[in-house]
Amino acid sequence: MKLLIACAVFIHILFLLSVFYIYFRSIIVQGLHPLNELDNPPAKRLVLIVSDGLRAESFFHQNCDRTPFIKNILLNRGIIGISHTHVPTESRPGHVALIAGVYEDPSALFKGWKENAVEFDSVFNRSRKTYAWGSPDIVPIFSKGTNRVVADCYESKDEEFSESAQTQHLDKWVFDKVKEFLSDDEKIKELKQQDKIVFFLHLLGMDTSGHIHKPHSDRYTENLKFMDAGIGEIIKLFEKKFDDDNTAFIFTSDHGMTNRGSHGAGHKHETETPFLAFGRGINYWKYAKEDFMTRKFVTIDGIEIPRYDIQQADAAPLMSTLIGCAVPTNNFGKLPYMYPNVSKIYLANAFSNNAYQLHSMYQKLHQQSLKKTFHFSFNVRERKIEDEINFLDEQIKLSFTLKDYDDIIVKSHEMIKLIYEGIDFYQMYYKYDLLISLTLTMTGWIVLLYQYVIKGSLDVKIKTSVLQYGICLTALVVAYNLLQHTPLIVIGYFLLTIVVWMFVFSNNEDKILQNFITNKNNVSIAVICIVFAELLVYSFFERKILSLILLIYSGTITAYAIRKKMEPKLKTLKYFSSAVCLGIFPLLKVVDKENKNSILLALGTIFWIFRSMDYVYLKRSSKISIIQTLVLFCGGLFILYLIFYLEAGNALLPIQQIISWMLLLSPILIIFGPLNMEIKLKLVGNGFSICYILMSTSYEPLFLISYFVHLYSWVEMELIIFRRMKQVKDFTFEKLPDNRRREVDFNDIRCILVFMLYLLISFFGTGNMATISSFDPNWVRCLVVVFSPFLMMFLILFKLSIPINLLSCCYRAINLSLRVDTKKVFILMLMICDVMCLNFLFLVKNKGSWLDIGASLSHFIIMESTVLILILFYGLAQLLTSFQIIPQQSCKLE
């Protein structure tokens, strides 16, 4: 079994990583050389101001009256648009796109978006010198490994994260440092003589304010006004110190955020940010011509101002064009035609530079394709793209000879579009091959799991006849793909398919597969499982379907129990009524700032306090139960006080933070309790409830109490259905010997399907776990006051795991009380999860709206991770329910 679990973890990690190779391969191509710099650029220096987390909706809201200085710039000398970001809408990927023109390499995810997982070029690298001020999480990304960037950052501890935090001080620090720098007249005199100078101001205040106070709050507006005033002072100071009128300015943001103050996914509010440019070499919107850009408008003071939208990566070639430096080698952006105010000759050279920089990336990928030995496998589309690009290349060179600069711009634009198509083709080159291979691998793995369920074990030794065929097939696959210069990672996935099926055929000596196909009952059960799995897949897109499934199932089971006159009826009715209560929550709005409700939170806390009193009336000889009741009672009262204390805008005191952390550690009491199943389950429920309440903002405690009560009723109901004469209180969590376990039957499969239903209800009961933007940083307001993303994410994930912990413990209670073979049940659960994983593999998107792309990727990652998480949580359930610090005898009635 341990070997099988190890194999499951290995296969699912490979399966999880495959989606990044198939759909989200890095566009960073190594070994490229920068093109020539542009002569006589319009600006000698560039000031880039990035307001972290400022969404377009907040910027344009209220007629831009909250930012009077920037509004005046926009009306009288600037050009405006919306910058469309890519997922993940996080700070590092956004800044990399803006400054390097490249969308984040997926491998950076494993370094928390902070380290340069793959080195990339940037505008800063191409500048003569860049001076940067801002957050220690962003500025060092571009200063590491280069002497062209002079960076100055505040300390991480300054990023305070609490309701009372003064988020303006982060921006004030930057403004003060820039003013100090500009006060050095000798330095300014020296810089006036230099070109290709960049000044980068990273302002974190809006992002922090949005997380804490939310974008529609008065505190957020105050921060926005402060930022506007500060930017006004800085711009005036720059123009005063550099009075040669050779400075270009760009104001934008790295990402937006939702109304609940979170970001990371693909909602419109997260992916749309303002982009304002003005100064030397930049058009004024009144004089800009339409040409390639599709016009949209924004109305300010009754004036319809044309909006020239860009992709976020387009900022990099624009900045390079303004100061005349080479475009970053891995830039994937396209020069926004309407922004530069330059001569036709300069614009033609800039556009062609952009096109040939992208062409060098395309050529590198194309050259790899040409290394194939068998050219019959060349794609018709591949040849067509190559021919059209070569034709446009010749046309651009001819236009340069004829000095037809308008034609150069047009042809360069067409060439860039074709190059995007070509790069996309090579990025997705092995998509369908890998999808077929992975489908066969997962199908074989599911069959292998079924063989284990039937046989009780697997033969790890491959039969000689199977091995011979396998070696021959492996040799053919490897030889062909090496001749075709197929990447080793792709060959590895092909070989994995062969290996899995070799084990399948080696374990089929009893004709297990043939017997399964010819057995109508087995086929019927398989169809039921697949249909149920498909319904669960659909619930990822429409969480309300969970309520429907729950009510239909619980109603059917209740009707069955009543018709069969199963006793006690009171528990049957309790099961159905608790299902009705639980079914309400997926129908409600997700918990966010807009429906944050301290009254519901207080009500849920009071319910849990009274729920814990159940121990007093149990008349059990368990002192730990009474201790935990007191902890929950006192802790609940403390949380009630803290809720209204923080809501009043008060700062979290150190003593309050210490008490909160002590309450967070209170579940440790669980392992001191007796092994009696009834007491242990209620110890688990009450133990984790205090942690859940501590990190709640609305009706979450009400959800948890409904969820736990229904899970406990589920355990009781299963005992009734199996016609066991004993009750929950008559069982313990002592491990059953293997010889007392019975074989798996249809009822066990039914329990597995119900377990999966409850698992998804735990995911989507109060929010949408499929998108990071549904996580509210305010959940940790009682525990964290300084912005610490990894600690905050750990705490948020801990909160989300609490319902899963309760479910795992209750499911273990069912398995022990009904003497189920846990190993086989767990294997069947993996099979159902794998069927769902296959669905989501084909549903992943890398085109269309970023909301759809982010959601599809999240769905796949959640479902793949679920397979691995179930292994972890079932083991944790065993620890919580069976481990004792002080061994005790089972509790008896007094």
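**Reading helix packing, burial and strand pairing**

Mentor: Helices α22 and α28 cross in a left-handed sense. A crossing is called left-handed if the near helix is turned anticlockwise from the far one by less than a right angle, and right-handed if clockwise. This is a predicted model, in which local features need pLDDT of at least 70 and side-chain atom pairs count only at pLDDT 80 or more, while totals for chains, interfaces and linings use all residues. Residues are numbered from 1 along each chain as its sequence is written, and side-chain values use heavy atoms, with hydrogens and water left out.

Trainee: At what angle do the axes of α22 and α28 cross?

Mentor: Two packed helices are described by the angle between their axes and the distance between the axes. Here α22 (residues 569-583) and α28 (residues 700-721) have axes that come within 8 Å and cross at roughly 145 degrees. The axes are lines fitted to C-alpha atoms, for helices over the stretch in contact, with angles from 0 to 180 degrees between N-to-C directions. Helices (H or I, at least four residues) and strands (E, at least two) are DSSP runs, numbered from the N terminus.

Trainee: Which residues in α22 meet those in α28?

Mentor: Contact means heavy atoms within 4.5 Å. Among the residues in α22 that meet α28 are Lys 571, Tyr 575 and Leu 582, and the residues they and their neighbours in the contact meet in α28 include Phe 703, Trp 714 and Ile 720. The residues of this contact divide into 11 nonpolar, five polar and three charged. In that count Ala, Val, Leu, Ile, Met, Phe, Trp, Tyr, Cys and Pro are nonpolar, Asp, Glu, Lys and Arg are charged, and the others, Gly among them, are polar.

Trainee: Is Asp 748 buried or exposed?

Mentor: Buried means under 20% relative accessible area, exposed over 50%, and partly exposed in between (1.4 Å probe, protein chains only). Asp 748, in helix α29 (residues 746-764), counts as buried because its relative accessibility is 3%. Leaving aside neighbours within four places in sequence, Asp 748 is in contact with Phe 722, Arg 742, Glu 743, Val 820 and Val 825. In helix α13 (residues 344-370) lies Phe 351, buried at 1% relative accessibility.

Trainee: How many disulfides does the structure hold?

Mentor: A disulfide is a pair of cysteine sulfur atoms within 2.5 Å, and the structure holds zero. The sulfur of Cys 810 is too far for a bond, because the closest cysteine sulfur, in Cys 809, is 7.0 Å away. For Cys 833, also in no disulfide, the nearest cysteine sulfur is that of Cys 837, at 6.5 Å. Cys 810 is buried, with a relative accessible area of 0%, and Cys 833 is buried at 0%.

Trainee: Which way do β2 and β7 run, parallel or antiparallel?

Mentor: Two strands pair if DSSP finds at least two bridges between them. Strand β2 (residues 78-84) and strand β7 (residues 272-279) run antiparallel, joined by seven bridges, with His 84 opposite Glu 272. With strand β10 (residues 310-311), β2 pairs in the parallel sense over two bridges, and there Ser 83 stands opposite Ile 310. Six of the seven residues of β2 are buried.

Trainee: How many residues of helix α12 are buried?

Mentor: Nine of the nine residues of α12 (residues 315-323) are buried. After α12 comes Gly 324, with a positive phi near 80 degrees.
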